[in-house]
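The sequence and structure are shown first.

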Amino acid sequence: MEAYAEIHDFPIIGPACGYYCYQLARMIGAKSIFELGSGYGYSTAWFARAVQENGGGVVHHTVWDEELSKSATSHLSKLGFADLIQYHVAEAVETLRQQSGPFDIIFNDIEKQAYPASLSVIKKKTSQRRIADG
């Protein structure tokens, strides 16, 4: 997927940030993740790997573009994550608003000018688990 991004000059979060997303999801035992903006599935793959290793769950992959969604479906199926992904071809914030949630992680990668309007929806849909002192 990294080679595909380079060949097609497609922006991705990159391996260091991808691994960070994976680690975060593993550390909190995430089983429900929603991606606001997902491209062709690079970040989705990192989250899906974590969810799979956490015992299963769902990662919501959300894009506007049908071709990007098809590309993501192909990449993620080849990686063995097909049963963990729910695909949405729609506006990301409205799609999140329509989901029941809550989500362990909501990854916000939409157009930057839309961030402020997305925050109230993200807050409502994020699980409010607290980490107990051990």
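## Helix α6

Helix α6 spans residues 115-125, and its buried residues are S118, V121, I122 and K125. Buried denotes under 20% relative accessible area, exposed over 50% and partly exposed in between, with a 1.4 Å probe and protein chains only. Helices (H or I, at least four residues) and strands (E, at least two) are DSSP runs numbered from the N terminus. Viewed down the axis of α6, the buried residues fall within an arc of 105°, so they line one face of the helix; the arc is that of the directions from the helix axis to the C-beta atoms.

P116, L119, K123 and K124 are exposed on the face of α6 turned away from its buried side. The buried residues pack against β1 (32-36), α5 (92-98) and β4 (105-108), where contact means heavy atoms within 4.5 Å.

## Aromatic pairs

Six aromatic pairs are found in the whole structure. Rings of Phe, Tyr and Trp (its six-membered ring) pair if their centres lie within 6.5 Å; planes under 30 degrees apart count as stacked, over 60 as edge-to-face and the rest as tilted. The ring centres of Y19 and W46 are 6.1 Å apart with planes at 80°, so this pair is edge-to-face. Y19 lies in helix α2 (residues 14-27) and W46 in helix α3 (residues 42-53), 27 residues apart.

Y19 is partly exposed at 37% relative accessible area, whereas W46 is buried at 17%. Y19, Y22, Y42 and W46 form one aromatic cluster.

## Basis of the model

The model is predicted: local features need pLDDT of at least 70, side-chain atom pairs count only at pLDDT 80 or more, and totals for chains, interfaces and linings use all residues. Residues are numbered from 1 along each chain as its sequence is written, and side-chain values use heavy atoms, leaving out hydrogens and water.
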